[in-house]
Amino acid sequence: MRRLAFHHLKLLPLTSGTVWLITLLALLIYWLAEGCPRYPGQANPYVAFISDIGAFRLQPLFMTGGIITSLTLTGTIISVHLARRERRVSTQKPGDEQPRYEKWVSILACLFDVAACPCRICITFFDNHGHPGLHRRFLFLALAGTALSCICTAFVLWGEMWSGPAKGNELLRRSCVFSNSLLVSEVLLGSTFTGLLWTGQFKSGGFVEWVMAFVFTFYFWAFIGLLALPDEKRRDVSEETPLLH
């Protein structure tokens, strides 16, 4: 049967990151252009959260961006782990056996993100103004599922960070380092954000939330390097191991 062209899958993280960036910029520019208004039900009196702005006039944009970003992110996660299983995202040889624990962690990463995907979409439909209770529940489930998926993915790719250029694809190693570094940054920013809100420092907390959102754009783009294998390596690997037998 025809082999799956993994090199085309790099369009998934490219689309995810680009659409998310456009959505964020549109929301932020609109809020600034309107004179930084305070929306009904806005918890932060200084800086509007992303969901606050997306609950009103720009909700169609927020919904469209959220749907595309969520679906392509889930596709990206699944593609990375599928490519990892086929040894396209690895410095190991295609014939080498993937450790059992790594297989289970990959499965968990995909399941967590598949579960988080509809929750991320529901955040945009059940907005913070009209459905605050449902919005918070879906937000918690979306953040928890996405975070667990990202952590599992980082665990699977951790070993590739320490492989030298002579052992495999240098682009792969750098992409793993970049991806995992951004994940650590997001964890630190998330902890800071939680602490600021807990202590009532809403203004600083609002800025941190926007920084977290923009940093996540680069996290999406980091997966491009994981799915963009050089032509030479891609040709060699595809000749050795077909995806479907």
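Let us start with Thr-146, which lies in helix α5; helices here (H or I, at least four residues) and strands (E, at least two) are DSSP runs, numbered from the N terminus. Thr-146 is buried, with a relative accessible area of 9%. In these terms, buried means under 20% relative accessible area, exposed over 50%, and partly exposed in between, using a 1.4 Å probe and protein chains only. Which residues does Thr-146 contact, leaving aside its neighbours within four places in sequence? They are Leu-73, Asp-113, Ala-116, Arg-120 and Phe-216, where contact means heavy atoms within 4.5 Å.

Before going further, a word on what you are looking at. This is a predicted model, in which local features need pLDDT of at least 70 and side-chain atom pairs count only at pLDDT 80 or more, while totals for chains, interfaces and linings use all residues. Residues are numbered from 1 along each chain as its sequence is written, and side-chain values use heavy atoms, with hydrogens and water left out.

Now step back to the whole protein. Its secondary structure comes to nine helices and zero strands, so listing the elements from the N terminus on gives α-α-α-α-α-α-α-α-α, each of them a DSSP run. Of the 245 residues in the protein, 47% are buried. Among contacts between residues at least 6 apart in sequence, 75% join residues at least 24 apart.

Residues 104-126 are 96% helix and 0% strand, and their end C-alpha atoms lie 33 Å apart. For residues 138-158, the figures are 95% helix and 0% strand, with 30 Å between the end C-alpha atoms.

Next, look for the largest nonpolar core. A nonpolar core is a set of buried Ala, Val, Leu, Ile, Met, Phe, Trp, Tyr and Cys residues joined through side-chain atoms within 4.5 Å. Which of the 34 residues in the largest core touch the most other members? The answer is Ile-53 and Trp-210. Two or more residues of this core come from each of α1 (11-33), α2 (50-53), α3 (59-85), α5 (132-157), α6 (170-198), α7 (202-222) and α8 (224-227). The largest share, seven residues, is from α7. Not counting residues up to four places away in sequence, Ile-53 touches Leu-27, Tyr-30, Trp-31, Tyr-39, Ala-48, Leu-58 and Trp-210.

On a 1 Å grid over the protein atoms alone, a pocket is an open set of points where a 1.4 Å probe fits, with protein on both sides within 12 Å along at least five of seven lines, and lining residues have an atom within 4 Å of a point. The largest pocket holds about 1400 Å³ of space, where grid points are joined across faces, edges and corners, and a volume is the space filled by probe spheres set on the points.

Its lining has 39 residues, and Leu-139, Leu-143, Phe-193, Glu-209 and Met-212 lie nearest the centre of the pocket. Which helix gives the most to this lining? That is α5, with ten residues. By class, the lining has 23 nonpolar, twelve polar and four charged residues; Ala, Val, Leu, Ile, Met, Phe, Trp, Tyr, Cys and Pro count as nonpolar, Asp, Glu, Lys and Arg as charged, and the others, Gly among them, as polar.

Finally, visit a few more single residues. Helix α3 holds His-81, which counts as buried at 5% relative accessibility. His-81 touches Ser-106, Ala-109, Cys-110, Thr-153 and Val-156, not counting residues up to four places away in sequence. Thr-64 is also found in α3, but Thr-64 is partly exposed, with a relative accessible area of 45%. The C-alpha atoms of Thr-64 and Thr-23 are separated by 8.8 Å, although these residues are 41 residues apart along the chain. In the loop between α1 and α2 you will find Cys-36, whose phi is near 55 degrees, a positive value in a residue other than glycine.
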